[in-house]
Every structure is written in structure tokens, then in C-alpha cells.
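This report walks through one protein model, from its elements to its sheet and its surface. Keep the structure in view while reading.

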Amino acid sequence: MSVLRTIRCSPQVLCRGLLARSASILTDAETRLTRLLKEKFPRASSLKVVDISGGCGAMYEIHIESDEFRGKRTVQQHQLVNQALKDEIKAMHGLRIFTDVPGK
């Protein structure tokens, strides 16, 4: 059974992994990605990078709230994040991006 099918059939598998990781410290890769995003989006009011691949660094979820996104469509916001991480994305299997504007 594929990993995607396992997650679809058993969402608690994914949830268990995320809950277990939420109490731990950031991995080196999460720290590096966070640093890069903070440099690119210095006015970010909220930023969270989570390795959702189980720790192997193949897939990440990014939540970022920044005033730099004000007036931009969601696709433009995501393009800015992709551009900021263009070199790192080459080594990733997947990336989930969630962007927002403060006070929205």
C-alpha cells in the first residue's frame, strides 16, 4: 500500500507523527529553512516550518504570515516562498505552503 493511501485510509498515522514531533525541537533542516525564510521575510509575524516526512527531510509544511504578502494573490504569495527556497526545493519530494497577511 502506498504511503499516500495509508495516510488517506488512516489519518491518525499522520496525526500521531505530527503530535509526536510537535513537542520536540526543530531538526537542522527545519532550522535552516526557518532561517532562510526569516531572512527573506523579515516582517513575518508568524513562521513555522515542520518536516512532515517523518524526519527524513523529504517533505515540509510551511506556515508564514507576513505583511510582505499584503495585496498579493495566494499564488503570488506562494511563488515568493518558492523563490526564497528555490535551491532547497530541489532536494525535496514535496512542500505544503500556507500563507496569510497579519490582521486579515
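Helices here are DSSP runs of H or I with at least four residues, strands are DSSP runs of E with at least two, and both are numbered from the N terminus. By that count the protein has 5 helices and 3 strands. Read from the N terminus on, the elements run α-α-α-β-β-α-α-β.

A word on the source comes next. This is a predicted model, in which local features need pLDDT of at least 70, side-chain atom pairs count only at pLDDT 80 or more, and totals for chains, interfaces and linings use all residues. Residues are numbered from 1 along each chain as its sequence is written, and side-chain values use heavy atoms, leaving out hydrogens and water.

**The sheet**

Two strands pair if DSSP finds at least two bridges between them. The table lists the pairings.

| Strands | Sense | Bridges |
|---|---|---|
| β1 (residues 44-51) and β2 (residues 59-66) | antiparallel | 7 bridges |
| β2 and β3 (residues 94-100) | parallel | 7 bridges |

The 3 strands form an open sheet in the order β1-β2-β3, with mixed pairing. β1 and β3 stand at the edges with a single partner strand each, so one side of each has no neighbour in the sheet. On average, neighbouring strands of this sheet are turned by 10 degrees against each other, direction ignored. For such angles, axes are lines fitted to C-alpha atoms, for helices over the stretch in contact; angles run from 0 to 180 degrees between N-to-C directions.

Val50 stands opposite Glu61 in β2. Leu47 stands opposite Ile64 in β2. Tyr60 stands opposite Leu95 in β3.

**Helices on the sheet**

Contact means heavy atoms within 4.5 Å. Helix α3 (residues 28-40) packs on the sheet and touches β1 and β2. The direction of α3 makes about 155 degrees with that of β1. Helix α4 (residues 74-84) also packs on the sheet, touching β2 and β3. The direction of α4 makes about 125 degrees with that of β3.

**The whole protein**

Among contacts with a separation of 6 or more, 52% join residues 24 or more positions apart. Of the 104 residues in the protein, 28% are buried (under 20% relative accessible area, with a 1.4 Å probe and protein chains only). The protein exposes about 7000 Å², and carbon and sulfur atoms supply 54% of it. Accessible areas come from the Shrake-Rupley method with a 1.4 Å probe.

Technical notes:
Buried means under 20% relative accessible area, exposed over 50%, partly exposed in between (1.4 Å probe, protein chains only).
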